[in-house]
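Please find below some remarks on the model under review. They are set out as numbered points and concern selected local features.

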Amino acid sequence: GTWYWNRYPGARCDVESMFYSYGFDEELEQEWEWTERYPSQPEILRYANHVADRFSLWPHIQLNTRVASATYDTEKNGWRVTTESDEVFNAKFCIMATGCLSAANEPNFDGMETFTGRIFHTGRWPHEKIDFKDRRVGVIGTGSSGVQVIQEVAKEAAHLTVFQRTPTYVVESFNRALDRGDQAKVKAKYQDIRAAARKTFGGFTAVMNEQSALSVSEEECRERLEAAWNKGGIGLQFTYNDFGFNEAANKRAQDFVRDKIRATVNDPNTTEKLLPRHILGCKRLSIGTNYYATYNKPNVSLVQLGDNGIEHITQDGVISEETLYPLDDLVLATGFDAMTGSLSRIHITGRNGQPLTTAWQAGPQSYLGLMTHGFPNLFTITGPGSPSVLSNMLPTIEHHVEWIGECLAHLREHNIREIEPNVKAQDEWVAHGNEVADKTLRHGCNSWYLGANVPGKPRVFMPYIGGMPTYREKCSAVAAAGYDGFELTES
Ligand code: NA7
């Protein structure tokens, strides 16, 4: 879904293509050719289609089908799934693979309906080519999607006005074409590299330097950061092991990126507005290609939103701080109702008719991010409470799929009709997740990890931040102990 909908100009993954790929089939990984270091959206979509073709998945997929509700039938021990066109499907088990970043966060700005130009959301981009030539375009939002779309639209638009609420840290991608030689090196030991990546915190190939940033001189720290910067990508975060835990250490990384911005942007006023002030890595690091240099172009201007944000939209454009910015097109790069949004937009009711939204009123409750008490036989792929968005999504998804597949085989083999986590195991897992998150610096800013970008959403750190190796071990131990923490009911 992600790579079907996020088709805005410049949409690209921030994980390297050769590792943002499935590892379950050696022939697949050997035959597929990636063309760039970081894959563009069209290429990932081609890959997804190729996988569906290669493994003959199409007969099992019904496209253009929006699920309206999923209801647990306590007597039949199964789920009744109803689509928006009133088709009904009954199944003993239901697996929600609805994505972590799929429910678009579409702010309802005052007066938005009166705007006479075109409005796009980056996460719901039209399929036809959108021409911005000779047009005055506004982009609201400077997260990863905003950064990518800004760089591209600036090349085409007559004028681009960026409306920024919070400046963000953007590292250079140094994206480049991959030749056969680059790929052959990886393909010669693909499975070994994947196995090594599984041992890292996020399942990425970059390895954490197990040294404190404060144990070295400022000069040495800078040299190392410079080397990481020049390699490109999110590896900068792994330069020292306390960037995520120690504010003074983190400040060294912040200062480094702020200096990069100062060295790149010409106009001092714009530079000042672009300098991020929050903990680096607290919001997801964005990867760009000449993002900051884009603000040196004569057709690009940056508006720092005041406390009142976007005050009003009129038929002609956006009003902020009593100034009208006339626009022909408005791009909302305002992100997603992350992790829970795609589930809360389906009317899910579990045991005793309890809605999932009620069970999760104070924040998502789940055991291992895989299942929720009160919602038997309902699995979530990369659900809240699992490492999900903090890790390399494709191998992480494979891990969940394998765990759930093995679990279903176990249930069938042992004639079990119902599986549900018990309250104690779930509460302990949630408490453990909070405890690990509390030790980090991640609470220090308004990120989507905390639900802080969606008005009214409970402020809870949603993904599990204990790392993939710990998490994998826990999942394996639970299964090996006969699904410890779950109630299994025989037929
Ligand atoms: P993000 O990272 O949530 O970014 C959304 C941006 O939109 C961010 O700059 C927000 O500012 C801004 N925003 C959101 N709502 C508003 C309103 N109402 N007014 C003004 N500005 C607003 O979403 P992305 O799509 O860029 O990236 C999501 C993930 O996809 C990314 O992390 C990667 O994992 C891939 P804020 O920072 O909240 O002040």
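1. Is Asn 77 buried or exposed? The model is a predicted one, and in it Asn 77 has a relative accessible area of 7%. Asn 77 is therefore buried, since the limit for that class is under 20%. The residue belongs to the loop that joins strand E1 (67-73) to strand E2.

2. The surroundings of Asn 77 include two polar contacts of its side chain. One is made with the side chain of Tyr 72, at 3.3 Å. When residues up to four places away in sequence are left aside, Asn 77 touches Tyr 72, Lys 92, Asn 377, Arg 417 and Glu 418.

3. The backbone at Asp 86 deserves a remark. Most residues other than glycine have a negative phi. Asp 86 is not a glycine, yet its phi is positive, about 65°. Asp 86 sits in the loop between strand E2 (78-83) and strand E3 (88-91). With a relative accessible area of 60%, Asp 86 is exposed, because the threshold for that class is over 50%.

4. A positive phi of about 65° is also found at Glu 322, again a residue that is not glycine. Glu 322 is placed in the loop between E12 and E13. Its relative accessibility is 77%, so Glu 322 counts as exposed.

5. Which residues come nearest to the ligand? Of the 20 residues around it, these are Thr 142, Ser 145, Arg 165, Thr 166 and Lys 283. The shell as a whole divides into eight nonpolar, nine polar and three charged residues.

6. Several polar distances to the ligand can be checked directly. A polar side-chain atom of Arg 165 is 2.9 Å from a ligand oxygen atom. From the backbone, a polar atom of Ser 144 lies 2.9 Å from an oxygen atom of the ligand. A backbone N or O atom of Ala 333 is 3.2 Å from an oxygen atom of the ligand. On its own the ligand has 770 Å² of accessible area, and the protein covers 87% of this.

7. A last point concerns Glu 223, which lies in helix H7 (residues 218-231). Is Glu 223 buried or exposed? Its relative accessibility is 53%, and Glu 223 therefore counts as exposed, the threshold being over 50%. How far apart are Glu 223 and Leu 275? They are separated by 52 residues in sequence and by 21 Å in space, taken from C-alpha to C-alpha.

Technical notes
Residues are numbered from 1 along each chain as its sequence is written. This is a predicted model: local features need pLDDT of at least 70, side-chain atom pairs count only at pLDDT 80 or more; totals for chains, interfaces and linings use all residues. Side-chain values use heavy atoms; hydrogens and water are left out. Helices (H or I, at least four residues) and strands (E, at least two) are DSSP runs, numbered from the N terminus. Buried means under 20% relative accessible area, exposed over 50%, partly exposed in between (1.4 Å probe, protein chains only). A residue is near a molecule or strand if one of its heavy atoms lies within 4 Å of it. A polar contact is a pair of N or O atoms within 3.5 Å; within protein, one must be able to donate a hydrogen and the other to accept it, and residues adjacent in sequence count only if both atoms are side-chain atoms. Accessible areas come from the Shrake-Rupley method with a 1.4 Å probe; for residues, only the protein chains shown count as cover. Ala, Val, Leu, Ile, Met, Phe, Trp, Tyr, Cys and Pro count as nonpolar, Asp, Glu, Lys and Arg as charged, and the others, Gly among them, as polar. Contact means heavy atoms within 4.5 Å.
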